[in-house]
Amino acid sequence: FLRRINYIITDCKRDYEIAKNNGFVNELLGVYIGNGGLDIDKTKIKAVNDRNAILIKGYDDGVGKACEIIEALALVSFAVLQHYKIIVYSCDQVVADAIANNSFFTNLDVTIYKRGQFVANADLLGYMGQSAIHIANSLSDGLPTSSVEAMGMGAFPIQSNPGAVSEEVITHGVNGFLIENPFDTAEIARLIIEGLTCVALRETAQRYNVNYV
């Protein structure tokens, strides 16, 4: 099939290389985010000091590894987390159960939007615009659309890097953090703590990411 087509569009540079390695020799029309673009309302982008939420993508379906994020959060000091609302969206039941069954979260402000529960994209972007960090963790991905959306709304991304695609848009320690081992809950916890406490880094990253996206 790849030898027969004239044009290709991919959502990351990695996939263009894969296409070439599998016989594609014609024209790349561009590398574009999978949903075709973002409609960002800049009035919903809050300043770093006004951000009061932690936003988590709740996929845990064999590929998504949100349960590891929940385990990592439980390793973070309650004193750090108590100032934030925790919002888990597209949340699989196993993730909701992990939160419900862990007493660490009892006295924290946690909101769960189950996977399949409709949340308008404009509302989700609004949550991103008030979140200090956005965390997503998986074993396989293309360009992580939700993290790019979060970056565009000023949330500091903490994102897994399967296939070295996330690093196409995130430079570790500059405009976000890359999770290199999706199973390393201690390392994810360290990144969460650093992301929440290093306000100057988040300020610099927010300016860059909003402009970049």
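At 39% relative accessibility, arginine 190 falls in the partly exposed class (buried is under 20% relative accessible area, exposed over 50%, partly exposed in between, with a 1.4 Å probe and protein chains only). The model is a predicted one, so local features need pLDDT of at least 70 and side-chain atom pairs count only at pLDDT 80 or more, while totals for chains, interfaces and linings use all residues. Residues are numbered from 1 along each chain as its sequence is written, and side-chain values use heavy atoms, with hydrogens and water left out.

Arginine 190 has a partner: its side chain meets that of glutamate 194 in a salt bridge, 2.9 Å from N to O (the rule asks for a side-chain nitrogen of Lys or Arg within 4 Å of a carboxyl oxygen of Asp or Glu). Because the two sit four residues apart in helix 7 (residues 185-197), about one helical turn separates them (helices are DSSP runs of H or I with at least four residues, strands are E runs of at least two, and both are numbered from the N terminus). Glutamate 194, at 27% relative accessibility, is partly exposed too.

Aspartate 92 tells another story. It pairs with arginine 115 in a salt bridge whose closest N and O atoms are 3.0 Å apart. This pair links distant parts of the chain, 23 residues apart: aspartate 92 sits in the loop between strand 4 and helix 4, arginine 115 in the loop between strand 5 and helix 5. Aspartate 92 counts as buried because its relative accessibility is 13%, whereas arginine 115 is partly exposed at 36%. Shared partners join Asp61, Asp92 and Arg115 into one salt-bridge network. Apart from neighbours within four places in sequence, aspartate 92 is in contact with Gly58, Tyr59, Asp60, Asp61 and Arg115 (contact means heavy atoms within 4.5 Å).

The largest nonpolar core has 34 residues, of which Ile54, Ile56, Ile158 and Ile192 touch the most other members (a core is a set of buried Ala, Val, Leu, Ile, Met, Phe, Trp, Tyr and Cys residues joined through side-chain atoms within 4.5 Å). Helix 2 (residues 66-73) gives the most to this core, with six residues. A second, separate core of 13 residues includes Ile87, Leu124, Tyr127 and Met128. In helix 5 (residues 121-129), the buried residues include Leu124, Tyr127 and Met128. Cover for the buried part of helix 5 comes from elements including strand 3, strand 4, strand 5 (109-114), strand 6 (131-136) and helix 6 (145-152).

Serine 90, in strand 4, has a positive phi near 50 degrees despite not being glycine. Alanine 164 has a positive phi near 60 degrees, and lies in the loop between strand 7 (156-160) and strand 8 (177-179).

Finally, leucine 38 belongs to the loop between strand 2 and strand 3. Its C-alpha atom is 8.5 Å from that of glycine 152, although 114 residues separate the two along the chain.
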